[in-house]
Amino acid sequence: MSPNRPHILIITTHDTGCLFGCYGVAEVHTPAIDRFAAESVQFDRCFTPYPQCSPSRASLYTGLYPQRHGVMGLAHEPFGYNPSDPTRHLSHVMAEAGYRTTLCGLQHEATDPAILGYQAVHRERKPDHQRYPAEDVADAACAVLEGHADDDRPMFISVGFKETHRPFDFGGVGPDTQHGLHIPSFLAGDDPVLRDQLALHQGSIRKADAAVGRILDRLDTLGLTRYTLVVFTVDHGIDFPRAKHTLYRSGLQVPLIVRWPGGGIGAGRRTDRFVGNLDVFPTVVEAAGLNPPDDTDGRTLLPICRSADAPPVRSSLGTVYTPVDRRGMLTERYNLIRNFAPFFANSTPARSTLPPGPSPCVPPVELYDLVSDPGEFHNLANDPDHREVCRSLNDQIRDWLHATEDPILTGPTPSPAWHRAIGQMQESSAP
């Protein structure tokens, strides 16, 4: 295998955020991923532009913002979002470059994986449309590696685990508190429902870690580790209040770990460079010896992976969540969120349910200083001392919305269901 044409393996888990030992969470049981991180470059400040599965994954695999790849909501029915141009998906790009492309397990970027360009699909859904547990997905990935280890043709394999999505006891998972219970600072530690759910979530993390370890071990036994670019990441934050479905950092921050011994990526290095998951697409494309499309929103991370002295690739990331029409601009220091529709605010720290009685609605604008207020509890949007920061970030959001042709500029974001209803109404002959 030529080092200029590496095998490429992308592994994702679901709704895990950064709850891994290598990201400072000692209570979880993640020895395989922690060991992998020690052999890789670990990005400590990676974020997704969308805190929900399908749009985030579509950005990961296209290098585009959600407004531009078209997946601005969930892909499965009844939501029905699909990429506006499926050929921009990384699997299509790799197949055109001569790679053998395979999906093992979950994809959530399209209603049907057939449009994404994979030449083989294993363990995507059971006949009853349920998902396969992690051990079955790992079996499939290991079989693919074994079946093509001696081929001259390079492999592109996407491995997606259902874990750690709710229900957390999927696949027979039980609670795991062997090393204690991690309670994120934005959650109420005295909430017994939250504590029980967090324990089950940790059990799901442990199961996913074991499956990841099996795949990485198989790379070793087959002698493929040196010639394989491995990317590990998560789609978005954990499925708890003030994380998933929000534009707070706890909903947007994801792990990103990259290993490629034969490609000049050293082991055991951490970087605090500010990056986005949409930067993975051009990184993989460049590693395969190709040029990313000129209109890609992502930026290659290979220079950062290879050298601690490489310049930064970005200083901000636009963020979006369409079900309640939020848009944001996240920087290394601040997070500005514009709320285009009213919705209830969580308590801080958040409990498992909203408290009884009237709940406050979020304000039109939220501004948080991520250094002095990492939990994003204190809104500075109306603070005179932060007026200039708010104005500058607001200008960035406005320019970004225009650059991405965001539909929010002309009204609430229409969904596929809205388009279907309008089309049926116009086609109807009824009075």
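Guide: Ser347 sits in the loop between β11 and β12; strands here are DSSP runs of E with at least two residues, helices are runs of H or I with at least four, and both are numbered from the N terminus. The model is predicted, so local features need pLDDT of at least 70 and side-chain atom pairs count only at pLDDT 80 or more, while totals for chains, interfaces and linings use all residues. Residues are numbered from 1 along each chain as its sequence is written, and side-chain values use heavy atoms, with hydrogens and water left out.

Ser347 has a relative accessible area of 23% and is therefore partly exposed, the class between buried (under 20%) and exposed (over 50%), with a 1.4 Å probe and protein chains only. The side chain of Ser347 reaches the backbone nitrogen of Arg351 at 3.4 Å. That is a polar contact: a pair of N or O atoms within 3.5 Å, where within protein one must be able to donate a hydrogen and the other to accept it, and residues adjacent in sequence count only if both atoms are side-chain atoms. Leu187 is 160 residues from Ser347 in sequence, yet their C-alpha atoms are 9.0 Å apart.

Pro342 belongs to the loop between β11 and β12 as well. With a relative accessible area of 68%, Pro342 is exposed. Pro342 and Pro261 are 81 residues apart in sequence, and 49 Å separates their C-alpha atoms.

One of the residues involved is Asn335, whose bridge partner in β12 is Tyr368. Strand β12 covers residues 365–369, and five of its five residues are buried. Val365, Leu367 and Asp369 point one way from β12, while Glu366 and Tyr368 point the other way.

Another loop, between β3 (100–105) and β4 (120–122), holds Gln107. Gln107 has a relative accessible area of 3% and so is buried. Its side chain reaches the backbone nitrogen of Glu109 at 2.8 Å. Apart from neighbours within four places in sequence, Gln107 is in contact (heavy atoms within 4.5 Å) with Asp112, Pro113, Leu116, Glu124 and Arg131.

The cysteines come next. A disulfide is a covalent bond between the sulfur atoms of two cysteines. Counting pairs of cysteine sulfur atoms within 2.5 Å, the total is zero disulfides. The sulfur of Cys142 is 9.1 Å from the closest cysteine sulfur, in Cys104, which is too far for a bond. Cys390 is in no disulfide either, as the nearest cysteine sulfur, that of Cys361, is 20 Å away. Cys142 is buried at 1% relative accessibility, and Cys390 is buried at 13%.

As for the whole chain, its secondary structure comes to 11 helices and 12 strands. Of its 431 residues, 56% count as buried. The C-alpha atoms fill a box of roughly 60 × 60 × 50 Å along the principal axes.

Notes: Pairing = 2+ DSSP bridges.
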